[in-house]
Amino acid sequence: MSRILAATSLALVLVLSGCKVDPASPEYWEKTLGKARRAQDQVRVLETLRSSGHLDARFLPFLHAELASDHKPEVKAAVARALGDVKNPASVEPLGNAVDLGATDSAGNLLNKELASALGEIGDPKAAPVLMKLLKARDNYTRIEAVDALGRMHTQEAVEPLIQLASDESTEPFLNKKAIEALGRIGDARAVPVLMRTLTKERKGISFYVESSFSLFQMGQPAADALLKVMEGKDDELSRWVQKNGINPASYSFKAAEILGDLREHRAEGMLVQQLAFKNEDPRIQAGLRARAADALARMRSAAAVKPLAAMVSEPDAGLRREYTHALARLGGREAMPALEKAAGQGDWYAREAAIDALTMLGDAREQPVLEKLAAAEPAKTAAECQEFGGEGCGDPATLARKRAEEIARYGKRLEAAKACGADTGCWAKKLEDADKGVVERAAMEVGRGKTAAHVGALLARMTEKDPDTRMALILGAEWLVEDAKDAATQARSALPTLEKQLTEEKSRTEYVRANEDLRRLVARLQRQKT
């Protein structure tokens with residue numbers, strides 16, 4: 001009932017405002033606001049103005065006057081939102097004058113938050129001093145808006161206070177994370193040392209790795225220099241900090257490998273190849289570091305990694321074998337084919353499947369007989385596996401074997417596509433529309449290696465692919481084209497608004513977390529080239 005009365009009240013205000021004044025004019029809305037007596041009605045008038053389609057620079061004198069009036073804080077907050085929509089630098093001073101750092105109640109805190117948000121939307125450098133003051137506001141939501149705004153504005157003078165905020169253990173972890181993200185956007189090398197610490201730091205069971213690794217990626221060269229120094233064991237200060245805080249030194253090698261791979265830092269190639277043979281008394285650490293080295297080498301397309309990785313594909317652990325075979329699939333070429341063919345007949349089904357996956361990502365018509373033999377041998381292998389280990393589906397080994405043979409046949413569609421396309425990148429670009437996700441995954445790699453800028457649009461058009469693994473292949477293919485062909489980068493930049501929108505809309509989609517971390521890096525790479 002109260003909602004009906006409120007709506008009726010607002011409608012009455014709009015009617016009483018009269019019909020002689022143009023509804024698109026500031027005068028009309030000034031009169032309408034003046035006739036609204038209650039704060040909640042005034043807020044509704046302002047929100048209606050925001051959605052009316054009429055709001056523009058003509059309204060600035062009216063809105064600035066309302067912001068300087070004695071309206072309640074919640075009304076001023078609505079005015080601030082409207083000024084944020086207009087995004088005019090002339091609003092910076094009125095917005096700054098409305099800040100109340102002494103606010104303690106929820107309405108005052110809301111006002112400060114909306115003021116910070118509006119200043120961030122305007123993005124004028126003159127807003128920086130006010131936003132830096134708001135970093136010290138009592139309300140964390142206000143501080144978050146100020147941090148975000150300073151990051152988006154690339155405010156260099158905010159680096160030191162943001163460094164302090166990123167490492168402040170007395171503040172909320174979420175605010176630490178926002179400061180880390182802002183430092184990445186600004187890209188000042190002064191932030192690298194603190195980001196190197198937050199890379200492995202945990203507090204209250206919360207990790208800062210995702211934010212820190214992406215910020216270091218955004219830093220580029222200064223971050224790569226620092227990470228290489230760590231891998232070489234030459235950062236004595238960080239080593240002392242690691243020891244003092246009880247952090248396993250191997251965690252830095254693990255995380256450095258991942259970031260250096262993202263950065264395509266070829267200075268790390270030799271060390272990463274050595275890490276493929278890394279040994280540790282803890283098998284989990286040993287496996288993790290080897291896997292991250294394999295992934296990094298694949299991302300930077302290291303020819304030197306093919307031979308040692310080919311020697312590792314008989315690894316009995318299915319998960320670890322998949323890391324190695326997946327790396328080889330991205331590296332391309334036929335050098336590893338004999339090892340993959342052998343591994344495709346060894347181990348349990350999941351280990352065999354990992355090798356078959358890579359075999360069909362690299363092979364062509366020559367591997368079709370191999371796949372047929374593997375499918376024919378699957379019933380005997382499944383029966384033996386069920387007898388020895390049991391497991392899901394082993395109550396009916398014949399049906400399980402048939403399903404696995406059918407899965408092998410599906411992998412064979414990639415070989416059929418390779419037979420049809422060969423080295424014709426244009427043919428592979430058409431295969432990006434194939435109904436089989438495995439064929440699309442292979443096509444993405446082939447197009448990415450093809451160095452034909454004209455095909456980058458076909459890859460980017462598939463960025464909303466529902467299968468996460470296929471999406472990751474499409475992203476990597478696009479990254480390779482952007483790296484190899486200048487014209488591809490130019491074309492890809494035109495897709496930035498669409499990609500940025502996608503990242504925002506899919507932020508809560510957990511199934512795309514890994515794939516969209518790669519997409520974030522592609523977007524950041526394009527943004528960096530744009531500037």
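Let's begin with a pair of cysteines: cysteine 421 and cysteine 427 form a disulfide, with their sulfur atoms 2.0 Å apart. To count as a disulfide here, a pair of cysteine sulfur atoms has to lie within 2.5 Å. Before going on, keep in mind that this is a predicted model, where local features need pLDDT of at least 70, side-chain atom pairs count only at pLDDT 80 or more, and totals for chains, interfaces and linings use all residues. Residues are numbered from 1 along each chain as its sequence is written, and side-chain values use heavy atoms, leaving out hydrogens and water.

Back to the sulfurs. The link of cysteine 421 and cysteine 427 is left-handed, with -65 degrees about the S-S bond. Both of these cysteines are buried, where buried means under 20% relative accessible area, exposed means over 50%, and partly exposed is anything in between (with a 1.4 Å probe and protein chains only).

How many disulfides are there by this rule? The count is 2, and the other one joins cysteine 386 to cysteine 394, with 2.1 Å from S to S. The torsion about that S-S bond is about -80 degrees, so this disulfide is left-handed too. Cysteine 386 is buried at a relative accessible area of 11%, and cysteine 394 is buried at 18%. If you number the bonded cysteines of the chain in sequence order, the pairing reads 1-2, 3-4.

Now look at helix α24, residues 397-421. Helices here are DSSP runs (H or I, at least four residues) and strands are runs of E (at least two), both numbered from the N terminus. Arginine 404 sits in α24 and is buried, with a relative accessible area of 8%. Which residues does arginine 404 touch, leaving aside its neighbours within four places in sequence? They are Trp349, Arg352, Glu378, Thr382 and Glu385, with contact taken as heavy atoms within 4.5 Å.

Trp349 and Arg352 from that list fall within helix α22, residues 349-362, which packs against helix α20, residues 318-331. The angle between α20 and α22 is about 5 degrees, and their axes are 8 Å apart. Axes are lines fitted to C-alpha atoms, for helices over the stretch in contact, and angles run from 0 to 180 degrees between N-to-C directions. That makes α20 roughly parallel to α22; the label covers angles under 35 degrees, while over 145 is roughly antiparallel, 65 to 115 is roughly perpendicular and the rest is oblique. The residues of this contact divide into 10 nonpolar, 1 polar and 5 charged. For that tally, Ala, Val, Leu, Ile, Met, Phe, Trp, Tyr, Cys and Pro count as nonpolar, Asp, Glu, Lys and Arg as charged, and the others, Gly among them, as polar. On the α20 side you'll find Arg321, Thr325 and Leu328 among them, and on the α22 side the residues include Arg352, Ala355 and Met361.

The contact includes Arg143, Ile144 and Val147 of α9, along with Phe174, Leu175 and Lys178 of α11. By class, the contact of α9 with α11 has 8 nonpolar, 2 polar and 5 charged residues.

Next comes helix α13, residues 209-219: 10 of its 11 residues are buried, so α13 is largely enclosed by the rest of the structure. The buried residues include Tyr209, Phe214 and Met219. Just after α13, glycine 220 takes a positive phi of about 75 degrees. Then there is helix α14 (residues 221-231), with Ala223, Leu227 and Val230 among its buried residues. The buried residues of α14 pack against α12 (192-198), α13, α15 (236-244), α16 (250-262) and α17 (269-275). Just after α14, glycine 233 takes a positive phi of about 75 degrees.

Finally, a look at positive phi in residues other than glycine. Lysine 204 has a phi of about 55 degrees and lies in the loop between β1 (202-203) and β2 (206-207). Lysine 204 is exposed, with a relative accessible area of 63%. Arginine 301 has a positive phi near 55 degrees, in the loop between α18 (283-299) and α19 (306-310). Arginine 301 is partly exposed, at 27%.
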